[in-house]
Amino acid sequence: MRISNFFALASVASLIVLTSCFGDSKTDDFSEWRLQNEEYVANIEAETVDGKLVYERITPNWDQSVFVLMKWHNDREENINKLTPLSNSTVTLNYMLTTIMGDTIDKGTSFTCKPNNMVSGFWTAVTNMNINDSVTVVVPYTAGYGSFGSGAVLPYSTLIFGIRLKSIDKLY
């Protein structure tokens, strides 16, 4: 009995030592990509034209730890009296998702969704838009798919969305 306990304890200790030697391979594998994405976001946030910031930093009330950068392509005053979706509204929009390298990952025409069913950056952006707004949204990886990625989206990827909010189908 004592010998079997000793071997079990020795096995567990060996696994702990071996595991600690390997480190976080995902972080190691994507460390350069992560840095490129963080620098991209910092550069976009600092971008100015005639001394004015091009992108507005938006932080949702429901999660102060995340933010997105939004650039409107329309005069916001024209749509100011139009509806803004709630988190659980059903909306229809057009979107295109690209990487910092300009590669298109996904796009949708007349895509219907609920903002709170999407990544937090997309959710934040859509709930800060009015009907007929057209925006470019830069979503840092912390408000996107994080360190995991998803499908064609690599871990630590900044998501760049072009979004046009067409309608709010159900305003809950």
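The legends below describe close-up views of a predicted model.

**View 1. The largest pocket and its lining.** The largest pocket holds about 200 Å³ of space. It is lined by 13 residues, and those closest to its centre are Leu97, Asp106, Met118, Tyr145 and Phe161. Two elements, strand E5 (90–98) and strand E6 (104–113), each give two or more residues to this lining. Strand E6 gives the most, with three residues. By residue class, the lining of the largest pocket has eleven nonpolar residues, one polar residue and one charged residue.

**View 2. The stacked pair Trp62 and Trp123.** In the whole structure, six aromatic pairs are found. In the pair shown here, the ring centres of Trp62 and Trp123 are 4.0 Å apart and the planes meet at 20°; the pair counts as stacked because this angle is under the limit of 30 degrees. Distant parts of the chain are linked by this pair, as 61 residues separate Trp62 from Trp123. Trp62 belongs to the loop between strand E3 (56–58) and strand E4 (68–72), whereas Trp123 belongs to helix H5. The two residues also fall into separate accessibility classes: Trp62, with a relative accessible area of 39%, is partly exposed, while Trp123, at 18%, counts as buried. Trp123 is placed in the buried class because its value is under 20%.

View 3. Ser120 is part of helix H5, which spans residues 120–126. Its relative accessible area is 17%, so Ser120 is buried. When neighbours within four places in sequence are left aside, Ser120 is in contact with Trp62, Val66 and Ala143.

**View 4. An aromatic cluster.** Four residues, Tyr95, Phe111, Phe122 and Phe161, form one aromatic cluster. Phe161 is also among the residues closest to the centre of the largest pocket.

**View 5. Arginine side chains over aromatic rings.** Two arginine placements are shown, Arg57 with Phe67 and Arg76 with Trp72. The charged end of Arg57 is located over the ring of Phe67, at 3.6 Å from the ring centre. Over the face of Trp72 lies Arg76, 3.6 Å from the centre of the ring.

Note on methods
Residues are numbered from 1 along each chain as its sequence is written. This is a predicted model: local features need pLDDT of at least 70, side-chain atom pairs count only at pLDDT 80 or more; totals for chains, interfaces and linings use all residues. Side-chain values use heavy atoms; hydrogens and water are left out. On a 1 Å grid over the protein atoms alone, a cavity is a set of points where a 1.4 Å probe fits but cannot get out, and a pocket is an open set with protein on both sides within 12 Å along at least five of seven lines; lining residues have an atom within 4 Å of a point. Grid points are joined across faces, edges and corners, and a volume is the space filled by probe spheres set on the points. Helices (H or I, at least four residues) and strands (E, at least two) are DSSP runs, numbered from the N terminus. Ala, Val, Leu, Ile, Met, Phe, Trp, Tyr, Cys and Pro count as nonpolar, Asp, Glu, Lys and Arg as charged, and the others, Gly among them, as polar. Buried means under 20% relative accessible area, exposed over 50%, partly exposed in between (1.4 Å probe, protein chains only). Contact means heavy atoms within 4.5 Å. Rings of Phe, Tyr and Trp (its six-membered ring) pair if their centres lie within 6.5 Å; planes under 30 degrees apart count as stacked, over 60 as edge-to-face and the rest as tilted. A charge sits over a ring if NZ of Lys or CZ of Arg is within 6 Å of the ring centre and within 35 degrees of the ring normal.
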